[in-house]
Amino acid sequence: QVQLVESGGGLVQPGGSLRLSCAASGRIFSIKTMGWYRQAPGKQRELVATIHAGGTTNYVDSVKGRFTISRDNAKNTVYLQMNSLKPEDTAVYYCNADKILGPAGWADYWGQGTQVTVSS
C-alpha cells in the first residue's frame with residue numbers, strides 16, 4: 001500500500017536547524033505536489049511549504065528565508081531544511097502528497113507526523 005514515512009523532528013534551541021525527511025513507499029506511478037504542514041496544540045493545521053514535481057516551491061510567509069523544501073523524484077522523497085528556528089515553529093510537522101497515482105488510482109496521503117520543539 002502507498003504510504004508516507006517521515007522523520008527528523010526533535011528538540012532544538014532557538015536559532016538552530018533541523019532537516020525533515022518524508023519518503024513515499026509502495027507501488028507509485030506518479031506524484032504531483034508534495035509538501036509539509038504543521039499543527040500546534042489547540043490550533044489548526046497550516047501549510048508550511050509545497051513543491052511540485054517540476055521544482056516550483058511555495059512557502060508560508062512566516063518561514064520564507066529560513067526554510068527550504070526540496071525533492072528527489074527518483075526516491076519519491078521530500079525534505080524540509082529548517083534554519084534559524086524560532087519558538088513559534090514548535091509543532092507537529094506532517095508530510096503531505098497531493099496527489100499520488102498508485103494501483104488504485106489517484107489519492108491524497110498524509111504522514112504520521114514528527115514533533116519539532118524549539119526551546120531554550
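This is a predicted model: local features need pLDDT of at least 70, side-chain atom pairs count only at pLDDT 80 or more; totals for chains, interfaces and linings use all residues.
Two polar contacts involve the side chain of Arg 38: one of 2.9 Å reaches the side chain of Tyr 93, and another of 3.4 Å reaches that of Ser 62. When neighbours within four places in sequence are left aside, the residues in contact with Arg 38 include Gln 44, Arg 45, Glu 46 and Val 48, as well as Val 63, Phe 67, Glu 88, Ala 91 and Val 92. Asp 89 also belongs to this list of contacts, and the pairing of Asp 89 with Arg 38 is taken up next.

## Salt bridges around Asp 89

Side chains of opposite charge can pair when their charged atoms come close. Across the whole structure, a search finds five salt bridges. One of them joins Asp 89 to Arg 38, with 3.0 Å between the closest N and O atoms.

A network of salt bridges links Arg 38, Glu 46, Arg 66 and Asp 89.

## A salt bridge between partly exposed residues

A further salt bridge brings together the side chains of Asp 108 and Lys 99, at 3.5 Å from N to O. Here Asp 108 is partly exposed, with a relative accessibility of 43%, and Lys 99 is also partly exposed, with a relative accessible area of 29%.

Strands of a sheet pair through backbone hydrogen bonds, either parallel or antiparallel. In this model, four strands form an open sheet in the order 1-3-8-7, and their pairing is antiparallel. Strand 1 (3-7) and strand 7 are the edge strands, each of them pairing on one side only. On average, and with direction ignored, neighbouring strands of this sheet are turned by 15 degrees against each other.

At one end of that order, strand 7 and strand 8 pair in the antiparallel sense over six bridges. Phe 67 stands opposite Met 82, which belongs to strand 8; Phe 67 is also one of the residues in contact with Arg 38.

## The segment after strand 11

Ser 119 is found in the segment that follows strand 11 (114-118), and at 37% relative accessibility the residue counts as partly exposed. Although Ser 119 and Gln 13 are 106 residues apart along the chain, their C-alpha atoms are separated by 5.1 Å. With neighbours within four places in sequence left aside, Ser 119 is in contact with Leu 11, Val 12, Gln 13 and Pro 14.

How values were computed
Residues are numbered from 1 along each chain as its sequence is written. Side-chain values use heavy atoms; hydrogens and water are left out. A salt bridge is a side-chain nitrogen of Lys or Arg within 4 Å of a carboxyl oxygen of Asp or Glu. Buried means under 20% relative accessible area, exposed over 50%, partly exposed in between (1.4 Å probe, protein chains only). Two strands pair if DSSP finds at least two bridges between them. Helices (H or I, at least four residues) and strands (E, at least two) are DSSP runs, numbered from the N terminus. Axes are lines fitted to C-alpha atoms, for helices over the stretch in contact, and angles run from 0 to 180 degrees between N-to-C directions. A polar contact is a pair of N or O atoms within 3.5 Å; within protein, one must be able to donate a hydrogen and the other to accept it, and residues adjacent in sequence count only if both atoms are side-chain atoms. Contact means heavy atoms within 4.5 Å.
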